[in-house]
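Me: I'd like to learn how to read a model like this one, feature by feature. Can we go through it together?

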Amino acid sequence: MKQYFKCFIYCHVFLGWAFVFSFFCFMPIVAASPTPLLPLEQMEALISEGPEAMAALSVLTRDEAEQAREKQRNGAKYFSGVTYGHSIEPVFDTSESTNRYDKLTVTGGLTFPILGTLQKERIGDIEADLAAIKSRRRFEVLLQQNLSALRKAYAALWIEQQKEELAKLFLTTEVEVAPVLQERQAQGWLLPADRLEFLSVYQDVRRDLAASRLRQMQALQTISLATGRDWTLPEKLPAPGLPSIAGKTFDLAGHPEVVFRNQLIVQYEKKLALGKRMDRDGSLTIGITAGRDFPGTVGKGAYISLVMTEPVKGMGGKDPSERAAAAEWENAKQEYALARMKLAGEAEESLARATYAAASVNARLSHLIVMAESIRENSLRRTVLTGDTFEQLQRSKSQYYKAAQELLDQELQLLQAAVAAVDYFYPRGLVQPPLERVGLISEQDVLRQQLFAPHWLDAGKQAVDRSVPLDFSGIENLKFPAGSTGLKETVAAKSRDEKRKTPWGRMKAAVYVWTAEPFLNGRTRTTEIDEVMGAGFSRILISLSRQQITRSQSPQGRIELESLLRETQSKGLRVDLLLGDPAWLETHRRDELLTLVSEMRDFAFDGIHLDIEPDSLPDAASRRPELLNGLADTVKAAREITSLPISLSLHPRYLEGDLGALSRQKLLPLGLEEVAVMVYSSNPHITARRMAAIRATCPQATFWLAQSVEKNIPPEESYADRTPQEFNGAMRILEDRLADSGVSTILIQAWEDYKKGNLQ
């Protein structure tokens, strides 16, 4: 029995140690091993899984729960209570005798906050909203930062792999070069110091190799932090591709910082509206009671109570809460403007950096071509000449290696600059459907393959027929698709506009839009925009009614207008704010226009177009010079309060004769972006002749030609009753006749009539 018991103990001890040993020995095998790095496009889907982003998401979840709880706890509240008491009371006031009895009382009802109490609860809701907004902004900014860091780190890995391959390739030549150098020193062809100098290059390459491996580990660490996973580096990464920016514009309105600042303005505006008489607390209570005395019977009752309190010192004075709320609102507006300005500058700078990096890549590429040609020449000299041709060949190879490393460094700067620029085109990060990808640097490029081919770094024993001349035709493939330095358009967007053809030919087309509702309505916006662009228009001048402008200052109206501008800019459709009222020419009415311009300055319109027709005023024919002076003063006043370009619609008579001379003196020098000349005639030959004459008298101005398809004007002035074929034919005549006049755009009056007339 004892032996059996000992055996039992020994087995359990053995099994226990075996379990401990297996746990520690096999734990690395059971634990998740690092995964080989995926292509960049697949990696980008993991940016929300980084630990920092997950922590920010947890904070956002908490603040949104607090936001919901704050809304639940505010407003009407019910109450209930039970009171049980024992009383000893005199039978009457002067009685020596007492009654003893017990009493049970039940109360219940509703209490409603009013006055300042209600305001404070609503402000509590706003404060909870602000906390959630700030947490969401932090989460979205972290996602954007993770995406940018991931792309830059991936680009660094891809470049460093090529630098490592180049360094290893160069080091393979040491085995053959070192003995040759030793032999030439022994023969007296080479000084010891020169031999050591040639060999020291290999030590520099080993240092480059170690630095490249270090940078690869740093990039992998960055990717791990951005994605929340451990990764291993595969033998060869595919080239990184970035979202295409062709036809795109900077989406500053969708940038998390701008969205955040805009949301703050909306919340502080709500707070300001609630900020009056905050210290005047009040409540309205409605309740019922029921009680029973023991001994006794049941009694019932109901009551209503109104309570108000206010600090004595605050009575009759201006509420400081209102001033504080007004200061918060004003601060939010200024910070919004500052954020827009900073982002605009950063976006411009990022695109300029990418363009500069692209130019540097091509400059380095040219240098590398020279170095490669030097190797080819020295290889040929080595085969037919004696002397120091071997040393010259080695020197050219060292120079080539350094130039190749510099090219790779510059390609990395280009990729990382492009990543920074792309952030301003796609500030929301990943979108659906998947974006079109563009590889700025392609491994399949013929010229690049030749420049990094192994035979350039052979030991110098290659035959002459291995020195293949380079093909320069591939150099264009390495150029970055540069964007414009203008905030609203890229060069790609401009070229897209140039390629967009109208039904009548090659001129660009713009159109007046007097009914904005279909463009503001979220249900019809996309369809309307696509229809305008499908008709060939690359620019719209959109008019907002006074009511729509007032609505744009509200949260919902702002969202509608910003959504319109964001979508049109993303599709390459330019949008100008169209303002038209002839009364603004009068001095006492001019402030109405300036107020509208000021109210709309925060919206990302591409320009302002003034359709202020002097002849619409009473007795205009007798005072046209006066009205023209008023128009010039109005344009000048508008220019002083907006940085947007201003364009103008004008009747041709104000550009002809004495009025034309006055316009050239007072109006045209004001820096107008374009002047749309309304030569309304359904005879294209007459129109072209008159427009060409105007253009000849004002060669420095930029003119558009406005044409009408309106149904409410005579047929000799409008194409409303023409067939699409007749209308398009007339526009082609105008294009041909005005081809050399500098008129680049035809402006159609107006979209509503053009659409109804089926002139597409």
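Me: Let's start with a strand pairing. Which residue in E6 does Pro-113 stand opposite?

Reply: Pro-113 faces Ser-283 there. The general idea is that strands of a sheet pair through backbone hydrogen bonds, either parallel or antiparallel. Here, strand E3 (residues 98–114) and strand E6 (residues 281–294) run antiparallel, joined by 13 bridges.

Me: What is the strand order in the open sheet with E3 and E6?

Reply: The order is E2-E3-E6-E7, 4 strands with antiparallel pairing. Strand E2 (77–90) and strand E7 (298–309) are the edges, each pairing on one side only. On average, neighbouring strands in this sheet are turned by 20 degrees against each other, direction ignored.

Me: And which strands close into a barrel?

Reply: That's a set of 8, in the order E9-E10-E11-E12-E13-E14-E15-E16, with parallel pairing. For a close-up, take strand E13 (residues 646–650) and strand E14 (residues 675–678), which pair in the parallel sense over 3 bridges. Leu-650 has Val-677 in E14 as its bridge partner.

Me: Now helices. At what angle do H5 and H9 cross?

Reply: Two packed helices are described by the angle between their axes and the distance between the axes. For helix H5 (residues 174–186) and helix H9 (residues 389–425), the angle is roughly 145 degrees and the axes come within 11 Å. The crossing is left-handed. On the H5 side, the contact is made by Val-177, Val-180, Leu-181 and Arg-184, and H9 brings Phe-390, Glu-391 and Gln-394. Sorted by class, that's 4 nonpolar, 1 polar and 2 charged residues.

Me: How many aromatic pairs does the structure hold?

Reply: There are 9 of them. One is Phe-170 with Tyr-401, a tilted pair with 5.0 Å from centre to centre and 40 degrees between the planes. The pair links distant parts of the chain, as Phe-170 sits in helix H4 (residues 115–171) and Tyr-401 in helix H9, 231 residues apart.

Me: Where should I be careful, and what is the mean pLDDT of the chain?

Reply: Remember that this is a predicted model. The mean pLDDT is 80, with 85% of the residues at 70 or more. Where pLDDT is low, the predicted coordinates should not be read in detail. Residues 8–13 stay under 50 and have 0 contacts beyond four places in sequence. Residues 459–500 are also below 50, yet this stretch has 101 contacts in the model beyond near neighbours in sequence.

Key: Residues are numbered from 1 along each chain as its sequence is written. This is a predicted model: local features need pLDDT of at least 70, side-chain atom pairs count only at pLDDT 80 or more; totals for chains, interfaces and linings use all residues. Side-chain values use heavy atoms; hydrogens and water are left out. pLDDT is the predictor's confidence in each residue, from 0 to 100. Contact means heavy atoms within 4.5 Å. Axes are lines fitted to C-alpha atoms, for helices over the stretch in contact, and angles run from 0 to 180 degrees between N-to-C directions. Helices (H or I, at least four residues) and strands (E, at least two) are DSSP runs, numbered from the N terminus. A crossing is left-handed if the near helix is turned anticlockwise from the far one by less than a right angle, and right-handed if clockwise. Ala, Val, Leu, Ile, Met, Phe, Trp, Tyr, Cys and Pro count as nonpolar, Asp, Glu, Lys and Arg as charged, and the others, Gly among them, as polar. Two strands pair if DSSP finds at least two bridges between them. Rings of Phe, Tyr and Trp (its six-membered ring) pair if their centres lie within 6.5 Å; planes under 30 degrees apart count as stacked, over 60 as edge-to-face and the rest as tilted.
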